[in-house]
Protein chains: 2
Amino acid sequence: MMGATKTHIFTKAHNTLAVAAKVLAHPARVAILQYISKQENCICNDLVDVIGLSQPTISQHLNEIKKIGLLKGTFHGKNLCYCINTEKWEELQEIFQDFFRKINQNCC
Amino acid sequence: MMGATKTHIFTKAHNTLAVAAKVLAHPARVAILQYISKQENCICNDLVDVIGLSQPTISQHLNEIKKIGLLKGTFHGKNLCYCINTEKWEELQEIFQDFFRKINQNCC
DNA sequence: TATCTTTATCGTAATATTGCAATATCACTT
DNA sequence: AAGTGATATTGCAATATTACGATAAAGATA
């Protein structure tokens, strides 16, 4: 194992933030999150057209977002309805804000 | 070009957030930022021992952080003094908070 | 049941990231 | 000028990510 991230040498907090940040580290996932949150009825069928990536790629990105529990998905008829998981979303915000708070710039 | 991120199809705002998030998307960089911010005199010579990665790897991570202007570096004798760039740091915070604010979970 | 629509998965190619040994560079000291 | 200690760069191997065509699966509808 050479090119793999050495997660084991870092604290849980540092890894948690890194994993969360990684989800936001691709413009497609940022765009997807923003689009889903803006939809009234959150039918995500048109995500492929809106974003401009192929259906498998969109599905893959959705999976990345789902991995950290940020999406709730339910079937409404033949269409899948993806929504932001509010609790997880708050949690994510907390993780970032916590990190920002802890950084104090008291030197130089 | 097949496996490369298609940055050109996304908005500037989405790309900016993604680039910023990418810097935080590795536990080493999170740990480095936190460590530097905690130091009184910010001599970062001991970063290699503290983090537990090789000197070239640390240097590389520092470079990633520098790329988005998050570090100010000045030489103090033979030692390099890295500090958080306060203005950029505030800017970064703003970018994330803006994104969090814009997400409204008004469905499902 | 057959067909249509939508999402998921598989397989694979291209590119990016991570990590380190070796080496270079740079500033200070003697 | 030579030596020392600290950071940067180069080169390369291992792994991860991104993207998409092809195909599968799942539910609705005729």
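I started with α1(B), where His14(B), Leu17(B), Ala18(B), Ala20(B), Ala21(B) and Val23(B) are buried (20 or more other C-beta atoms within 10 Å of the residue's own, C-beta atoms being placed from the backbone). This is a predicted model, in which local features need pLDDT of at least 70, side-chain atom pairs count only at pLDDT 80 or more, and totals for chains, interfaces and linings use all residues. Residues are numbered from 1 along each chain as its sequence is written, while chains are lettered from A and ligands numbered from 1 in the order in which they are written.

Next I asked what those buried residues pack against. I found α1 and α2 of chain A, together with α2 (27-38), α4 (55-67) and α5 (86-102) of chain B. Helices here are DSSP runs of H or I with at least four residues, strands are runs of E with at least two, and both are numbered from the N terminus.

Then I looked at the contact itself, which takes 40 residues from chain A and 40 residues from chain B; two residues count if their C-beta atoms, placed from the backbone, lie within 7 Å. On the side of chain A that touches chain B, α2(A) gives the most, with 7 residues.

Last, I checked the symmetry. A rotation of 180 degrees with 0.0 Å of shift along its axis superposes chain A on chain B, with RMSD 0.0 Å (least squares on the C-alpha atoms of residues with pLDDT of at least 70 in both). I noted this as the relation of a two-fold axis. In chain A, Ala21(A) has the C-alpha nearest the axis, 2.5 Å from it.

Technical notes
A residue is buried if 20 or more other C-beta atoms lie within 10 Å of its own, exposed if 12 or fewer, and partly exposed in between; C-beta atoms are placed from the backbone.
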